[in-house]
Amino acid sequence: MVNPPPQPGVLARGLRLGKLGLSLTGSYLGYQAQNLFLGENEQRQRRFQEESSRRVRRELGSLKGVAMKLGQLLSVQTRALPEAAIRELAGLQMQAPGMHATLARARFKAALGKYPEEVFRTFEPEPFAAAPLGQVHRAVGRNGELLAVKIQYPAIRTALENDLRLLRSATLPARVTGHFPGSILDEVRRGFLEETDYLHEADNLEFFGRGLRDLAYVSVPQVRRDMTAECVLTMSFIPGVVLDAFLEGRPPAGLRNLIGERVLELFYFQLHRLRALQADQHPGNFLFQPDGRIGLVDFGCVKRIAFDVTTLIRGCAARSWRQGEAQAREVLGLIFGARTPYARARKMLAVLEVAAGILFPEGRGADPVVDFGKGELLEVLGQAMGKAVRDKVTNPEFAFVSRAELGLYSLLHRLDAKVNVRAVWERVAALEVTGPWRWPETTAHRKAKGRKPLVLPTS
Amino acid sequence: MTTSASRTAVAARPPGRGRRAENKEKNRRAILRAALDLFARKGFFHTTTKAISRKAGIAEGTLFNYFPTKEDLALYFFEEELAGIIGWYGAQPRLKEAGLPEQLFAIVHRFLERLGPYEDFIGAVYLRALQPRSKLSPLSLPSQERNLRYLRFIRGVLAEAAAAGEIPEVGDLGAYAFALFHLAVITYWLQDRSAGKEQTLALLDRCLKLATAMLKKGGWEW
């Protein structure tokens, strides 16, 4: 069956999103109700899930924009959706509907004033990877260097803005009841729209390239500024394969554990030392090599951490809330924000205990090594997120951190990695924080609608 | 510029053979190049015939012999562009292997790309074309002749796609429909103020994919 292409305009996209929402939620809720009262057999459940996931993929695949991103968000949460749906949604990550070579070339020329073949020694007209908002082509520079050229779909920013407007209307009831604060939507909007500006991503790449230099096993693409514009990003080519291909090679447990440890260290390193996080940690953004090296790509969505995340993780590792009211207030304040009433936030302590218990086992004889293959952490986090929404304690600061965290644990789960989380955290926590931050304003950034880049302090 | 009938006849006459005809064609192109350059820099309405003739290195009177009106200049410009695009398309082996949406996209995009520097000029031509007595009107004979060449070219592209089984036979109507669509895209492009005219690119891409998908699904029956 041929997928209809996306419809431009708020109304058409609204109708499509609405159709997806209504048809899926309607039927899913109906199924849940049926299940509660009548009970269901497994076969019917699987059939239902497959039908739903096909519908999800068809609708999301033709929408691109926000829905595509939401599709990715969902697919990252492997425990939050049925397996059949995950299989379908996984396709969305690396198989976005592509631009043909003529359109990709036209976008390149509109952005840089020349066709790719005038800039590069060679340029592959067929993309080798799909990015959520564009696609990536291989190229060879004039000096023979291997390059990856990310080209954005035309008018994707407008499409995203349309979807976000729609999302704002659709979430009105939840915003009125306080289950979905408007500030979360603002944060989501900020993150998504930032991703559409490749100049901003180039800033992020340079920042993380310098910031992660101490982790010798991590490669971050180097930006070629002379061939980069708002919708074209040219960077060095990072070798490696994505998770699925890596796992197909049946890597030994030792290598999987090593990579798991490194991915976790990379995560803590960003939080603690850089106070900035690559927030789109879905498997397509990690490239693995047989020697355990990791390539981290796609820095469109970056979260600058404004709160003391080190104290938070230390608090979780030591269960500081048990030491007294002040310590509990401190940790809960960091997680749920100063605006959330303490009494309400306190209800989350039980879930926090469980999560901390999995990540940082305590007590005599407890195995310090966490088996991510069990996936219990994802389950707990999924429950915690549901509870946070129900209890109205969601914190916009965590919108992208949670997304990244889920992505990380999902990756570790699929790697079936066993990692001593406490040891990794303590190793990272011993490092100095690189902050405080400077946010210099340059002409390019003033032009780029006032967005400010992340810059590592020189001292 | 004047609108005398005798001068119009000179401009409309097809290029003859021999050295004289060659020189005439050379002069025409030099005038067109000079005019387009000035249109791009100063705009259509602010460009004088004096400036064009000076830039082309000919006497103002000679200019009128070739192009009595700006409409004649525009007609010649479109003739040249169409011939250029048909020639360019024939020399693109990769496009022959591409899908129909990409082929049609490439044709329209190439056209828009060539028009890009002369947006002001094209806008003015559009306004003129709305006047029934204008030579640029779609109903005028010179416009009809050019349209026929264009329609034959598009019919050929569609017929190749049909022969390859990509779409069902769409006949002459398919070419007419695409010509109307092409006109609509140019109109949209003229008022598109987005960076790099990305809205036009998106519209063009989506419409062509949608139309091809519909044709594949049910021919004209959908």
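Reader: What is the order of the elements of chain B from the N terminus on?
Author: In this predicted model, the elements of chain B run α-α-α-α-α-α-α-α-α-α-α. That gives 11 helices and 0 strands.

Reader: What share of the residues in chain B is called buried?
Author: A residue counts as buried if 20 or more other C-beta atoms lie within 10 Å of its own. Buried residues are 30% of the 222 in chain B.

Reader: Which residues make the contact between chain B and chain A?
Author: Chain B gives 22 residues and chain A gives 14. On the chain B side, α7 (100–115) and α11 (198–218) each supply at least two residues. The largest share, 12 residues, comes from α11(B). By type, the chain B side has 9 nonpolar, 5 polar and 8 charged residues.

Reader: How do you know that the span of α14 in chain A is close to the expected one?
Author: The expected span is 1.5 Å times one less than the number of residues. Helix α14 (residues 325–336) has 12 residues, for which 16 Å is expected, and its first and last C-alpha are 16 Å apart.

Reader: What do the buried residues of α14(A) pack against?
Author: They pack against α13 (309–318), α15 (342–346) and α16 (349–359) of chain A. Among these buried residues are Ala328(A), Val331(A) and Leu332(A). After α14(A) comes Gly337(A), with a positive phi near 85°.

Conventions. Residues are numbered from 1 along each chain as its sequence is written. Chains are lettered from A and ligands numbered from 1 in the order in which they are written. This is a predicted model: local features need pLDDT of at least 70, side-chain atom pairs count only at pLDDT 80 or more; totals for chains, interfaces and linings use all residues. Helices (H or I, at least four residues) and strands (E, at least two) are DSSP runs, numbered from the N terminus. A residue is buried if 20 or more other C-beta atoms lie within 10 Å of its own, exposed if 12 or fewer, and partly exposed in between; C-beta atoms are placed from the backbone. Two residues are in contact if their C-beta atoms, placed from the backbone, lie within 7 Å. Ala, Val, Leu, Ile, Met, Phe, Trp, Tyr, Cys and Pro count as nonpolar, Asp, Glu, Lys and Arg as charged, and the others, Gly among them, as polar.
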